Amino acid sequence: MKRALVAIKRVVDYNARVRVKADKSGVDLTNVKMSMNPFCEIALEEALRLREAKQVEEVVAVSVGPQQVQETLRTALAMGADRAIHVSTPAASDPATLQPLAVARALAAVARREEPGIVLLGKQAIDDDCNQTGQMLAGLLRWPQATFASSLAVDAAAGTATVEREVDGGSETLRLKLPGVVTADLRLNTPRYATLPNIMKAKKKPIESLSTEELGVDTTPALQTLQVVEPQKRKGGVMVGSVKELVERLHGEAGVI
Amino acid sequence: MLASRGSARLWASLGTWYASFSAGAPAQISSLVVVEHRNGALTGSTLSAIAAAARLGGPVSALVGGEGVGGVADSAARVEGVDKVLVADSPLLRHQQPEPYAELLASLAAAAAFTHVLAPGGTFGKNLLPRAAALAGAQPAADVVEIVDADTFVRPIYAGNALATVRFTAPGPRFLTARPTSFKPAAAARAGAPAAVEAAPAGALAAMAAAPAAAEWVAESGRDGGARPELGAAKVIIAGGRALKSKENFALLERLADLLGGAVAASRAAVDAGYVPNDLQVGQTGKVVAPELYVALGISGAIQHVAGIKDSKCIVAVNTDAEAPIFQLADYGLVQDLFTALPELEQEIAKLKKQG
């Protein structure tokens, strides 16, 4: 199999505390640390392992978004991706305006060009929490899908992938005829760190630039965000001194036991 | 019924919504709910999705896909709020694979002019619905927690640290997954006669034959259900973190859960350490729960975990670290070693039960 394509998203770092803007227009992203979405890191790690196992020859990272996503693509190159593709969008600075349907359409256009044997994505981005892009991409390409993967075995010679999926109540194993789309769950692997020599090498690796216009993809948001608010705060609780007091309060005060 | 909103505002928004539909489209809400079922029974999250659809107003159709699903269809016909049951009984849907199922769903949404297509927000719905939406050229809304009007919905973003009100602006059916804990499940046994059950239109069934080859189903494990209630439906949840130190110690939580008729859950750390299976993980990327009582034992309360529990009625935290962030969320906090607290809890609760 020639190629694995991995979709990467730049998001707010998972440890960063986000604040809602006072005017309710969205989440304040000024001076907030940005990183590669954790699930995308896992998808990329899996692609690199496929290459190390000689099941694919090349790993291509792709990201859709404004100019800054190139930083995240550099991180992907430093982890070990061979090359990267940046699909730029018309000044979409807020993640709320670039939605999974548009991203899936852009990725489908890239997949038609690159003809990968497998496309790997994270199961969801930790900013919009949609959990949609991989499924939508598979639908647009009319390829089989295996979402929430916790293990993946590719047999390039047979042109199949065997995937264990995390589902409600347990797990399920599927066998896909490739090309196909796989989305990564947390337990698929532990991503590697980029080493300093690899970070230096990554500076020389190519990032190809395309645009959604060139690919003929309309990025108009289909969902308009009317407002973003903070969820209701829970009222402060009390500290109790003993288990006995805890049980008494749960029974008498809260009435939950 | 869309309660709690000004009807004038509702009609105004519906007016613009009808206008946004292409000419000749029905000016009538009509929703389709994809039924999730396991071992011949409807899941609780399906009952929540049906309740959400009923809130939209207009007739609610339930789609039952699978092989040999006559019994499931009869159960769906008895659910409160269901006006019609459509059955897609086909060997292609034996394991309800998304490749044929999405074609069926997209074709059905277009042909039968449904204005809304809903699925329960578990792994089944999240796997299927976006694929069907893409085939229909639509952007879905995931994990809806509130219905403002037929076009406008509230959904959590950033691990539940913000709530976005989103509005569909493009024409065509609105695809949604409903967060199960946000809609009180519809009654499984209604008072009146059951709804009509009919086969899905032939055209929609034919669409499945043209579907790309589905992933072949190989095996499953752990999906036969245990003696304890499902996390989503449990009134009491006893959850443990890494501090439990072993698989064997998790059995201690089970004893307490059984005493309270509850379920056992875990933080990501406990799952990653191999103490419990993955499907017990609660949080942003695991299950979202909202029980009456959530007891967090040895869980620090990371953002990602809190995302899955913040709608619980009462949260109790037991942790040796008085600075653990979970205490900021808890209604009742106790700084104590969980290994001494657990037997005491069992004792005190058993005493309470005796008193009746």
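Contact here means that heavy atoms lie within 4.5 Å of each other. By this criterion, residues 24 or more positions apart account for 71% of the contacts in chain A with a separation of 6 or more. The structure is a predicted model, in which local features need pLDDT of at least 70 and side-chain atom pairs count only at pLDDT 80 or more, while totals for chains, interfaces and linings use all residues. Residues are numbered from 1 along each chain as its sequence is written, chains are lettered from A and ligands numbered from 1 in the order in which they are written, and side-chain values use heavy atoms, with hydrogens and water left out.

Chain A contains 6 helices and 15 strands; helices (H or I, at least four residues) and strands (E, at least two) are DSSP runs, numbered from the N terminus. Along the principal axes, the C-alpha atoms of chain A fill a box of roughly 65 × 40 × 40 Å. Of the 257 residues in chain A, 58% are buried, where buried means under 20% relative accessible area, exposed over 50%, and partly exposed in between (1.4 Å probe, protein chains only).

Over all chains, the structure holds 37 salt bridges, a salt bridge being a side-chain nitrogen of Lys or Arg within 4 Å of a carboxyl oxygen of Asp or Glu. Side chains of opposite charge can pair when their charged atoms come close. One such pair is E58(A) with R3(A), at 2.7 Å from N to O.

K33(A) is exposed, at 56% relative accessibility, whereas D13(A) is buried, with a relative accessible area of 12%.

The side chains of R113(A) and E114(A) form a further salt bridge, at 3.6 Å from N to O. R113(A) is partly exposed, with a relative accessible area of 42%, while E114(A) is buried at 7%. Salt bridges that share partners join R3(A), E58(A), R83(A), R113(A), E114(A) and E208(A) into one network.

Between the two chains, 79 residues of chain A are in contact with 83 residues of chain B. The chains bury about 7,100 Å² between them, 56% of it on carbon and sulfur atoms; buried area is the accessible area (1.4 Å probe) that two parts lose on being put together, summed over both. D168(A), L223(A) and R234(A) supply 11% of the area that chain A buries against chain B, more than any other three residues.

R234(A) also meets D331(B) in a salt bridge, at 2.7 Å from N to O. Across the interface of chain A and chain B, 5 salt bridges are found. The two chains have 43 residue pairs in polar contact (both at pLDDT 80 or more). A polar contact is a pair of N or O atoms within 3.5 Å; within protein, one must be able to donate a hydrogen and the other to accept it, and residues adjacent in sequence count only if both atoms are side-chain atoms.

Several elements of chain A each supply at least two residues of the side that touches chain B, among them α3 (100–114), α4 (133–141) and β9 (145–155). The residues of this side divide into 40 nonpolar, 20 polar and 19 charged. In this division, Ala, Val, Leu, Ile, Met, Phe, Trp, Tyr, Cys and Pro count as nonpolar, Asp, Glu, Lys and Arg as charged, and the others, Gly among them, as polar.

In chain B, helix α11 (residues 338–355) has 18 residues and reaches 25 Å from its first C-alpha to its last, close to the 26 Å expected at 1.5 Å a residue; the expected span is 1.5 Å times one less than the number of residues. At the start of α11(B), a side-chain oxygen of D337(B) reaches to within 2.7 Å of the backbone nitrogen of F339(B). The buried residues of α11(B) include L338(B), L342(B), L345(B) and I349(B). The buried residues of this helix pack against α6 (243–252) of chain A together with α7 (247–259), β16 (293–297) and β17 (314–318) of chain B. G356(B) follows α11(B) and has a positive phi, near 65°.
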